[in-house]
Amino acid sequence: MIDDLASAERFVIVAVDVVDMNRCIARTLGTAALALLLGACAGGRTATNCNDGTDNDGDGLIDAADPGCAKNANRDESPDPPACQNGLDDDSDGLADDADWGCEDREDFDEVDPLRACNDGDDNDGDGLIDFPEDDGCESPVEDDEDVVHLCEDFLDNDGDGIMDFPFEPGCASADDDDETDPEPLPACSNGGDDDLDERIDYPTDPGCESAGDDDEANVLDGVCGPMVEVRDLTATGTILASVAVALPDTLSSPSCGGRGGERAYAFTVTAGMRALLATTDHAETTLDTVIYLRASCTRAESELGCDDDSGVLGTGSASTLLIPEVAPGTYFVVVDAFGPGSLGDYRLTIEARLPLHAPCSAPPACAPGLVCRELTPGAPVTCEPHVCADGGDNDGDGIVDFPFEPGCVSPDDDDEADPSPRPACGNRVDDDGDGAVDFPDDPGCAYASDDQEVNECGAGLLIQTLDAASGATGTTSGATLARGSCGGTDAPEAVHAFLAPFPLLAATVAVDATATTFDSVLYVRNADCTGGVELACNNDASPFSTAARVTFVPTVGVPAYLFIDGTFGAAGDYLLVVSGLVAAGATCDPALPRFACVEGTVCGQLTPGVHACVLAACGDGEDDDGDGRIDFPLDPGCDAASDDDETDPVVLAACANGLDDDGDAHVDFPADAGCDSASDDNEFDECTPGVPVLAHPGGAVAGDTISGTYAYSAPASCDPFGTTGTSPELVYSFQLTRPVTRLTLDTAGSSFDTVIYVRAGDCAAAGPDGWCNDDVDLVTTTSLLSLTAPALGFYYVVVDGIWSSAGSFVFTIVGELGAGASCTPGEAAYVCGPGLVCEGGACATSACANGVDDDGDGLADVADPGCDAVTDDDEADPAASPACANGADDDGDGLTDYPADPGCTRAADATEENCVHDVCTAGVALVPGCDPCATLLCAGDLYCCSTVWDAFCVTEVALFCGFSCS
């Protein structure tokens, strides 16, 4: 019936006895298998591992008793099926397969129950009952929680209000809550009201509600201020207490007030009429150094309506207060920014909608700060108006207006201008102190017109002179020493000048003119009271190479600041004081006082005849004023600076905007060409000086050789006191910093000669700061290392030079360290995540070895965990063999064991407990006495080796002091 048994593959139907018909099947078989099947179907019996009476797989089970036979169609005892489907009680607990608690699924090869809270022999929840089935909290032996099911997760309506369990039950604060009783009143997220005025009510409809028991409907708004900025709606509450415990991602900053740390944003909606908005962190809880700014569109800096940094009045130096006099109905964003990347602390923010100027005020809300609810004239409606002594009107008809000029006003908040009788000394038109000056503001002894003391208030013989905003002041210090500042002036005579700010200033600066001043000066400033006023600033020398002092402070309009010019070590003589200031955008300015400049991007413009204010300049207004398709400085060829008020392009475009590759470096115009500082720059050459080429540095490591370099530059004296870099050839590199970094590191590790590096920013031809240079890493290492903290974006020019006429090959590395939350790419050469951070999911995140968490569950975290080789290690898993600093042994025999007890261990993962940073037979940095017995002996005889450097001579002294020779 079968013709070709030799066929390798054949589809056959084997006919057998009717009784055995159901045992036969149709298959694709080879010859041997076919013969076996024919035999079986014919009633014959072929020997297999499952009928030979032998334990073929050595598991103690034979033939039909072996579960492998059932798994393998009775042909072979192996392989055995997984333990959890073999029909056996493999762990002898009376349960098998699916019924065994140790089986996670049928493919599990182990029936052994995992060790959990409900089978570990401990009373984990402290209720006197241990493990399954005794503990009511254990429904099985493999549960990891002995706690009982809480009322807020038991699927029962325990308080009979028709609602059950968290998050739907108003009485449940969490799933672990054991009381469903509703509080009175109901929480905001279950009270039926639209508490945050967003037209969405209660949980789960209102996105601000995390549960029905949540008492705050304020929404966390995602994305409106950028993907990394948390936004909450404070319209309903108007206040929040928050903490910045770790650095937040730095996404936003104010163009005028800064804010280089991380930030949070808060939405606030004005619903009825024009309002003044008051936002402040000036509260006792605030310890974070805050910057706050308010915007109509959170991510658009040009929509910023105002900002403030440190104008709080509590004296903490960290709180900020911002008042926007009038805004229309709508939603606004108040951003609370950290001053810098390292600024941490708590803050309380309050946001209030107040009534603006001239608004009716018969009922709440209150008027804006500086306004009072009163009749502007008798019988007029009650409105929000300035205080009488600050309203610009002559309310008592004496021809004098407001504080500080009105004798009847004791402060700007005074609401009565009526002059007292008799008039105060500083407003009575009499020279009461006989100094030739009469009344305020001419008499320096007068703080304001209602001051009743015209005499010299800084002590007898110390005449208060005027510091004029336009001309400054000249004089001579002589006579007795009556005053001193916190930074000097103890033993020298002084002069004092009263300064009144001509209008509100962001800052005022008073500087001693070095060319016209004959002595080493000290300047200090006191506020309001020259004898006991708070010191606002104090300075000895403006720089390490100047004996002329300079102070910057924030003056209060109408309140005198008293400037003391003093000397050091008894020094005295002639002086010239020069005063300048910075005026905020939108604030009053005076073109006759050019030293009081408007902030960058604004210009002192005339609003109405005789009235000037800092308005946006054409080159800083965000508009294409000349219609050339390019906007503002530095992009518009007609703009020399952001404060330039004319965007009109010159007839002949500058080299950096003419569309030509003027310097032949394959880069054309600004911003592509590193030689261009702006589109109006007329020099495209990115040479520091003619004949000195500049090489582009891409970031990461580059190799070079200075032997073919120029001899054009010298390092600052702080790195080259003998001027020998001028006799060494150098190469110049440009690096464009395009991303905000917390630190920019530059080094020449791996170079063949004694290098010096120094940095210039923005203008390659101008020498950089003295501190932007480095000669040697330390007393032993002759390569260079320089770090710049949070540098600004832009071009940096770095000179790789040699000391003492040295030259040769070098490796020059530039790396920017990114902060937490910054975008990153693994393996990127120019930008890396900073210490304690790793690049995960395209952003710098805190590593497992720097997050303060015991990630591997061994009871140790971070530097104390043997699995953490460095703060950038993102895996706390311990190595198979414990390192020397975590093995419980005193490996270096100093009587101290492991981290942190042994000073040789900087972390638990260190592979050696040796205290010395290098061997006594190796030259290097100075060693610490006690780190090695030999170091202790040698340093007792030659302290230089343990105080300055362990040089080659110290190595030779090992034989003398320690009894063995390094050779």
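At what angle do helix α3 (residues 933-941) and helix α5 (residues 952-962) pack? In this predicted model, local features need pLDDT of at least 70 and side-chain atom pairs pLDDT 80 or more, whereas totals for chains, interfaces and linings use all residues. Residues are numbered from 1 along each chain as its sequence is written, and side-chain values use heavy atoms, without hydrogens and water.

**Helix packing**
- The angle between α3 and α5 is about 100 degrees, and their axes, 9 Å apart, are lines fitted to C-alpha atoms over the stretch in contact, with angles running from 0 to 180 degrees between N-to-C directions.
- The two helices, α3 and α5, are therefore roughly perpendicular (65 to 115 degrees).
- C934, L937, L938 and G941 of α3 meet C954, E957, V958, F961 and C962 of α5, where contact means heavy atoms within 4.5 Å.

**Open sheet**
- Five strands in the order β15-β17-β22-β19-β20 form an open sheet with mixed pairing; strands pair if DSSP finds at least two bridges between them.
- At the edges are β15 (464-466) and β20 (535-539), each pairing on one side only.
- Strands β17 (495-499) and β22 (561-567) pair in the antiparallel sense over five bridges, and F499 stands opposite A561 in β22.

**Nonpolar cores**
- The largest nonpolar core has 33 residues, with F499, V510, F553, L563 and F596 having the most contacts inside it; such a core joins buried Ala, Val, Leu, Ile, Met, Phe, Trp, Tyr and Cys residues through side-chain atoms within 4.5 Å, buried being under 20% relative accessible area (1.4 Å probe, protein chains only).
- The largest share of this core, four residues, comes from β23.

Conventions. Angles under 35 degrees count as roughly parallel, over 145 as roughly antiparallel, 65 to 115 as roughly perpendicular and the rest as oblique. Buried means under 20% relative accessible area, exposed over 50%, partly exposed in between (1.4 Å probe, protein chains only).
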